[in-house]
Amino acid sequence: MRARVFPDYEAMSAAVADVVARRLGEEPSSVFMLPTGITPLGMYRRLVEMHRSEGLSLADATFFNLDEYLGLAPDHRASYHVYMKENFYGLIDADAARVFVPDGTAPDPEAECERYEEAISEAGGIEVCVLGIGRNGHIGFNEPGAPFDSRTRIVELSESTRNINAADFEAERAPQRAITVGMATIFESREVLLLASGTNKAGAVAAAVEGDVSESVPASMLKSHPNAELFLDEDAASDLGRGVAG
Ligand code: F6R
């Protein structure tokens with residue numbers, strides 16, 4: 001797993017956006033898997049800018065999101081449907097028929113997970129999977145202990161993840177469960193780009209890069225991936241090479 005370290009968040013975000021734009025240039029109908037959260041906002045901003053001022057078209061691409069809270073309607077302000085619409089899909093020329101976000105209010109959530117996994121297969125699998133990383137090493141909503149052979153499924157969120165994500169929920173608590181794409185689904189992506197910014201990710205990054213490949217640090221799975229790359233700012237890389245990873 002190669003790690004590229006950039007002087008700051010903006011430089012890191014621009015570099016990831018360039019990779020995405022290059023893949024679109026090579027193959028306009030590429031299939032992407034995308035994250036939500038704070039980290040990818042700079043990449044989305046840059047891609048929107050490229051669309052508006054440099055003629056980048058995303059109309060032939062297919063997009064899958066990594067996860068969604070269980071029980072949140074697609075129009076709930078803290079849902080990942082709303083996040084993606086406001087920060088990306090609603091600002092580019094994405095074709096709504098090729099945009100997929102798990103439905104957190106599907107009447108049969110198990111069937112929704114199966115449907116999602118089938119849609120990924122029908123699209124020919126994921127070409128480029130963009131990930132953030134949790135402070136506990138999670139990827140998607142695959143918390144520590146998530147089996148490496150897992151598929152899209154319903155998961156319990158850890159207390160720490162719910163507390164960190166509480167900021168999106170005002171008076172309510174973050175939901176206890178979510179739908180997430182599985183570890184095996186992520187692993188089968190042809191290319192994986194993991195983004196991390198800030199000192200609060202430094203420990204998770206060091207554990208993933210320098211620790212053992214272990215289900216207790218989900219992101220460590222990417223060390224076995226043939227084509228995974230880390231995009232880090234200097235703060236997120238600050239624990240690398242210090243022998244602090246377990
Ligand atoms: C979100 C997701 C999560 C986040 C991670 C980091 O779709 O899959 O794994 O990428 O929790 O979140 P931020 O970027 O907000 O620190």
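## Close-up views of the predicted model

**View 1. A polar side-chain atom of Lys201 lies 2.6 Å from an oxygen atom of the ligand.** The model is predicted: local features require a pLDDT of at least 70 and side-chain atom pairs a pLDDT of 80 or more, whereas totals for chains, interfaces and linings use all residues. Residues are numbered from 1 along each chain as its sequence is written, and side-chain values use heavy atoms, with hydrogens and water left out. For Thr39, the distance from a polar side-chain atom to an oxygen atom of the ligand is 2.4 Å. Asp67 places an N or O atom of its side chain 2.7 Å from a ligand oxygen atom. Such pairs are polar contacts, defined as N or O atoms within 3.5 Å; within protein, one atom must be able to donate a hydrogen and the other to accept it, and residues adjacent in sequence count only if both atoms are side-chain atoms.

**View 2. His138 occupies the loop between β6 (128-131) and β7.** Strands (E, at least two residues) and helices (H or I, at least four residues) are DSSP runs, numbered from the N terminus. With a relative accessible area of 13%, His138 is buried; buried means under 20%, exposed over 50%, and partly exposed in between (1.4 Å probe, protein chains only). Its side chain makes a polar contact of 2.9 Å with the side chain of Glu143. Apart from residues up to four places away in sequence, His138 touches Gly132, Ile133, Glu143, Thr161 and Pro218, a contact being heavy atoms within 4.5 Å.

**View 3. Strand β10 (residues 228-233) is largely enclosed by the rest of the structure, because six of its six residues are buried.** In a regular strand, side chains alternate between the two faces of the sheet. Strand β1 (residues 2-6) runs parallel to β10 and is joined to it by five bridges. Two strands are taken to pair if DSSP finds at least two bridges between them. Within this pairing, Val5 has Leu232 of β10 as its bridge partner. Strand β9 (residues 191-196) is likewise parallel to β10 and joined to it by five bridges, with Leu193 standing opposite Glu229.

**View 4. A right-handed β-α-β unit is made by β9, helix α7 (residues 202-210) and β10.** The crossover is called right-handed if, with the strands pointing away from the viewer, the path from the first strand over the helix to the second runs clockwise.

**View 5. Three strands, in the order β4-β8-β7, form an open antiparallel sheet.** At the edges are β4 (67-69) and β7 (153-156), each of which pairs on one side only. From one strand to the next, the twist averages 30 degrees; axes are lines fitted to C-alpha atoms, for helices over the stretch in contact, and angles run from 0 to 180 degrees between N-to-C directions. Three bridges join β4 to strand β8 (residues 177-180) in the antiparallel sense, and Tyr69 stands opposite Ala178 in β8. Helix α4 (residues 109-122) packs on this sheet, where it touches β7 and β8, and its direction makes about 120 degrees with that of β7.

**View 6. Glu112 and Ala111 both belong to helix α4.** Glu112 is buried at 7% relative accessibility, whereas Ala111 is partly exposed, with a relative accessible area of 33%. The side chain of Glu112 reaches the backbone nitrogen of Asp103 at 2.7 Å. Beyond four places in sequence, Glu112 touches Val101, Pro102, Asp103, Ala106 and Ile179. Ala111 and Ile133 are 22 residues apart in sequence, and their C-alpha atoms are 27 Å apart in space.

**View 7. Phe187 lies in helix α6 (residues 183-187).** Phe187 counts as partly exposed, at 28% relative accessibility. Leaving aside neighbours within four places in sequence, Phe187 is in contact with Met221, Ser224 and His225. The C-alpha atoms of Phe187 and Leu222 are separated by 7.3 Å, although the two residues are 35 apart along the chain.
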